[in-house]
Amino acid sequence: MALARSLQAVALAALALVAGIAAAVVAVAVRAGIAARREAIAILHDLGATDADIAGRFAQRAGWLVAAGAAAGTLLAVPVLAGFADLAAPLLGGQPAESMLDWPWTSLPWEALAPLPLLAAGLGWLTAQVTVRRWLRRLP
């Protein structure tokens, strides 16, 4: 039981690390987008566009891109997880499957995998909002 809890703690730590790296990557990508559109953003800001308007555009795009990437990553992770579950079958008193079709697909944590793209999209959206608003605060 202690081993299982230790593995869960390591998995949560890995998930937190991945989320932090994802936020950093989104922030760098948003900064690059801001740098490429610096003059246009400054003009829009001078014409009266609010910080929320400008940040919202960047955040919406970042959120969709992160959600698409997370959905693709989740779909790619499902067979890997099923393979790991099959490898662990002998440790749990079962037999390994003879083919991929016999892997324990139904025992995967679907309820934990399903919200990952939405959570990632929220993280991307929030990171983009914070990054753009910080940059806009520095404008004269």
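Leucine 116 touches Ala70 and Thr74, once residues up to four places away in sequence are set aside; contact here means heavy atoms within 4.5 Å. Keep in mind that this is a predicted model, where local features need pLDDT of at least 70, side-chain atom pairs count only at pLDDT 80 or more, and totals for chains, interfaces and linings use all residues. Residues are numbered from 1 along each chain as its sequence is written, and side-chain values use heavy atoms, with hydrogens and water left out.

So where does leucine 116 sit? It belongs to helix α5, helices being DSSP runs of H or I with at least four residues and strands runs of E with at least two, numbered from the N terminus. Leucine 116 counts as partly exposed because its relative accessibility is 30%; buried means under 20% relative accessible area, exposed over 50% and partly exposed in between, with a 1.4 Å probe and protein chains only.

At 15% relative accessibility, threonine 74 counts as buried. Beyond its neighbours within four places in sequence, threonine 74 is in contact with Leu113, Leu116 and Pro117.

That leads to the helix pair itself. Two packed helices are described by the angle between their axes and the distance between the axes. The axes of α3 (residues 51-88) and α5 come within 7 Å and cross at roughly 150 degrees. This makes α3 roughly antiparallel to α5. For reference, axes are lines fitted to C-alpha atoms, for helices over the stretch in contact, and angles run from 0 to 180 degrees between N-to-C directions. Under 35 degrees counts as roughly parallel, over 145 as roughly antiparallel, 65 to 115 as roughly perpendicular, and the rest as oblique. By class, the contact of α3 with α5 has 18 nonpolar, six polar and two charged residues. Here Ala, Val, Leu, Ile, Met, Phe, Trp, Tyr, Cys and Pro are nonpolar, Asp, Glu, Lys and Arg are charged, and the others, Gly among them, are polar.

Further along α5 (residues 116-137) comes threonine 131. Threonine 131 counts as buried, because its relative accessibility is 9%. Leaving aside neighbours within four places in sequence, threonine 131 is in contact with Ala27, Val30, Arg31 and Ile34.

What about α1 and α3? They pack at an angle of about 135 degrees, with their axes 11 Å apart. The two are therefore oblique to each other. On the α1 side the contact is made by Val26, Val30, Gly33 and Ile34, and on the α3 side by Phe58, Ala62 and Val66. These residues divide into six nonpolar, one polar and no charged.

Also in α1 (residues 2-36) is alanine 11. Alanine 11 counts as partly exposed because it has 47% relative accessibility.

Zooming out, the protein has five helices and zero strands. Its radius of gyration is 21 Å, well over the 14 Å that the globule rule gives for 140 residues, so the protein is more spread out than a compact globule. That radius is taken over C-alpha atoms, and the rule is 2.2 Å times the number of residues to the power 0.38. Along the principal axes, the C-alpha atoms fill a box of roughly 70 × 30 × 20 Å. Buried residues make up 26% of the 140 residues.
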